[in-house]
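Please look over the model shown here and its computed contacts.

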Amino acid sequence: MSAALQNLVNQPYKHGFVTNIESDIAPKGLNEDIIRLISSKKNEPEWLLTFRLEAYRRWLNMVEPVWQNVKYPKIDFQNISYYSAPKPKKKLASMDEVDPELLRTFEKLGIPMHERAALAGVAVDVIFDSVSVATTYKEKLAEVGIIFCSISEAVQRYPELIRQYLGTVVPPGDNYYAALNSAVFTDGSFCFIPKGVKCPMDLSTYFRINTEESGQFERTLIVAEEGASVSYLEGCTAPRFDTNQLHAAVVELIALDDADIKYSTVQNWYAGDENGIGGIYNFVTKRGLAKGRNSRISWTQVETGSAITWKYPSCILRGENSVGEFYSVAVTNHHQQADTGTKMIHIGPNTRSTIVSKGISAGQSNSSYRGLVRITPTARNARNYSQCDSMLIGSQCGAHTFPYIQVQNNSAQVEHEASTSKIGEDQLFYFAQRGIDAEEAVSMIINGFCKEVFQQLPLEFAVEATKLLSFKLEGSVG
Amino acid sequence: MINANSKILLEVHDLHATVSGTEILKGVDITVRSGEIHAIMGLNGSGKSTFAKVLAGHPSYEVTRGTLLFDGQDLSALAPEERARAGIFLAFQYPVEIPGVANNQFLRLAYNTVQGQRGEEELDPLEFDDFVREKMKLLKMNPDFLDRSVNEGFSGGEKKRNEILQMALLEPRLALLDETDSGLDIDALRIVANGVNQLSNKDNALILVTHYQRLLDYIAPDYVHVMEAGRIIRTSGKELALALETHGYDWIHTDEQVTETRP
Ligand SMILES: Nc1ncnc2c1ncn2[C@@H]1O[C@H](COP(=O)(O)OP(=O)(O)OP(=O)(O)O)[C@@H](O)[C@H]1O
Ligand SMILES: [Mg+2]
């Protein structure tokens, strides 16, 4: 990513209503008063408060899920502060104050010198022409009628759109963490592509002028109207640190007739140290509704961070001929745990879905693929192809595959392929004997293994993701 | 060719090595000067491949005694990739398959790594493509092999040719060919042998591990060694290979048949 963009996101928040909020942090704990506080601080309409309160009441009656293949200590939900005033990230005075581990990471990822300071949150005096970058970007989008802003801003400026779509794909009571998110979400992104518009560039969260930490409970809503298309990029390869351990985001995508939404994620949250101390719990609900005829929802994810990842970007294929895709690389090392996969729910006739999942485990980590393909009775001639490959590095890690297939219409065609491989000592020796060291060898093998997924990423992202993977696996072999 | 004044490339003395606690090499001695071609023969399981892997630095093998010098440098201090970059090349008896890694990418990375080490020019993908295709022509290899994954699904003979292609690219100073002839058809044997002969010069050396005289018909060794139970028990000229082919390995033990031993 360019320095200009990065500076942009590190700038204090200048626009929108958020600046009006003066108060700091709500007391710890969760109850209806806290939710009312959040809603009033954010100057929300009554219906949104009702939405939050209903979600909260449902959440109270739900139990934390335990079926996923991950282990973690019980979370004390009363020990979290659910609201804090947005504030700019703390700036460091010089590069000397930056965590050396982080600097080493930048080195490895090949992030140019001048960008490192900005990424690490060091105050830089010479700010590139970031305001004009942002302005040009916003202008370009506005020209074609695209809305791209924070969800809080959208609630103020486009309340009718938010009301129409929010919670329609992931209802407030969908699952434990989605209910929690619906009750207390504080920010996130909103993106609206009007009828017939092909978004002229990849939309990236870097561009959203919103510099405060997005918080633990991020909410994203993307709507593509008839014939519209958009490619959305979330996250970045640079490591992200956060003092909040629990992250429970919700992402909803809605594609109307002939619309196309491509959502790419590179997730590199802090994973904890080599001994498994610390790290983010990333419990995310991501779901796309392919509502219209010939619509398409495509998820691509490269999951490398977090102590625990628990997410299943899914597609509900309601429209006739609609298409759902899921391309995933999940890397775990040290003591990381990942339980990830997808759900493809075929409802409309002639719906098609493709699942390509690549799990890479190293160290003492554990990675599970969990996928559901459901062909409902109305889904005539539905087709699914799933491929789940696991790669093990070393002998102390684990890979598991849990494919669930439910077919209720016998015209369906469902194919599932799975494989497990290992990077063996003899393969590495073969590389070494040709002068290639273990790190480069692993990176080559891994890139070969992940090729089909990386091909789905925008080029620049793919290059970064490739380096990121090698970095994550460094030292796990040889 | 033998030239007593040429430089000693490899000097192995009393080499002992173990794998998972079992001693396989029990005192190997061998000296190789530049310009020489050596053949190592011996029964299955006598330790030939083990010797090759120890020389190349395979991490599963532990050297427990003896010395291993390459160009005067103690090899035990070098990681396997450093040995390779210093010019030691091993054509494997059983080359491994590496699914997902394109052969051309692999070959180019290996080539550029070694070139970089020598302070010579590295090639970009297009330049390399031309270069590697030329080398493949010499070995009569179909360029389609460039786009396939390294060794994946290659036939036994195709794998062996891919090994020689790598040798041709890397131009090692000491090449160890572990049964490269096994599994090659007669035409391929001739092609590979020709390729090897072309690569051979006064500054490099070659060790051929083989069971058959037929390879030695094409590549004339200066010395033939016999390995048994982890040691080299006999060293002689190329006539030893012929004698072994006629009489079998037991013949060595039968009585005091007179063969020249290396001074
Ligand atoms: N991991 C191991 N544990 C125990 N013994 C081993 C191990 N690996 C190899 N060996 C033994 O070492 C001996 C030497 O094997 P090596 O492969 O060097 O023989 P070779 O001379 O190359 O035989 P061939 O002519 O069949 O290729 C064999 O008896 C083999 O079984
Ligand atoms: Mg052998």
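## Salt bridges within the chains

A:K286 and A:E234 pair through their side chains in a salt bridge, with N and O 3.3 Å apart. A salt bridge here is a side-chain nitrogen of Lys or Arg within 4 Å of a carboxyl oxygen of Asp or Glu. This pair joins distant parts of the chain: A:K286 is in strand β9 (residues 281–290) of chain A and A:E234 in strand β5 (residues 229–235) of chain A, 52 residues apart. Helices (H or I, at least four residues) and strands (E, at least two) are DSSP runs, numbered from the N terminus. A:K286 is buried, at a relative accessible area of 3%. Buried means under 20% relative accessible area, exposed over 50%, and partly exposed in between (1.4 Å probe, protein chains only).

This is a predicted model: local features need pLDDT of at least 70, side-chain atom pairs count only at pLDDT 80 or more, and totals for chains, interfaces and linings use all residues. Residues are numbered from 1 along each chain as its sequence is written, chains are lettered from A and ligands numbered from 1 in the order in which they are written, and side-chain values use heavy atoms, with hydrogens and water left out.

Over all chains, the structure holds 24 salt bridges. The table lists some of them.

| Salt bridge | N to O distance |
|---|---|
| A:K286 with A:E234 | 3.3 Å |
| A:E320 with A:R293 | 3.4 Å |
| B:K135 with B:E171 | 3.9 Å |
| A:R434 with B:E163 | 2.6 Å |

Take A:E320 and A:R293, whose closest N and O atoms are 3.4 Å apart. A:E320 sits in the loop between β12 (314–317) and β13 (323–332) of chain A, and A:R293 in the loop between β9 and β10 (296–303) of chain A, so they are 27 residues apart. A:E320 counts as partly exposed at 30% relative accessibility. A:R293 is also partly exposed, at 43%.

In chain B, the side chains of B:K135 and B:E171 meet at 3.9 Å, N to O. B:K135 lies in helix α4 (residues 125–138) of chain B and B:E171 in the loop between α5 and β9 (174–178) of chain B, so the pair ties together parts 36 residues apart in sequence. B:K135 is buried, with a relative accessible area of 15%. B:E171 is partly exposed, at 48%. Elsewhere, salt bridges that share partners join A:E32, A:R36 and A:R57 into one network.

## Chain A overall

Chain A has 12 helices and 19 strands. Of its 478 residues, 61% count as buried. Among contacts in chain A with a separation of 6 or more, residues 24 or more positions apart account for 86%. Contact means heavy atoms within 4.5 Å.

B:Q93 is buried, with a relative accessible area of 16%. Its side chain makes a polar contact with the side chain of B:S49 (2.6 Å). Another polar contact runs from the side chain of B:Q93 to that of B:E179 (3.3 Å). A polar contact is a pair of N or O atoms within 3.5 Å; within protein, one must be able to donate a hydrogen and the other to accept it, and residues adjacent in sequence count only if both atoms are side-chain atoms. Leaving aside neighbours within four places in sequence, B:Q93 is in contact with B:S49, B:K160, B:D178 and B:E179.

## The interface of chain B and chain A

The contact takes 33 residues from chain B and 17 residues from chain A. The two chains bury about 2,100 Å² between them, 66% of it on carbon and sulfur atoms. B:F92, B:F106 and B:L109 supply 23% of the area that chain B buries against chain A, more than any other three residues. Buried area is the accessible area (1.4 Å probe) that two parts lose on being put together, summed over both.

The rule finds one salt bridge across this interface. A:R434 and B:E163 form a salt bridge, with closest N and O atoms 2.6 Å apart.
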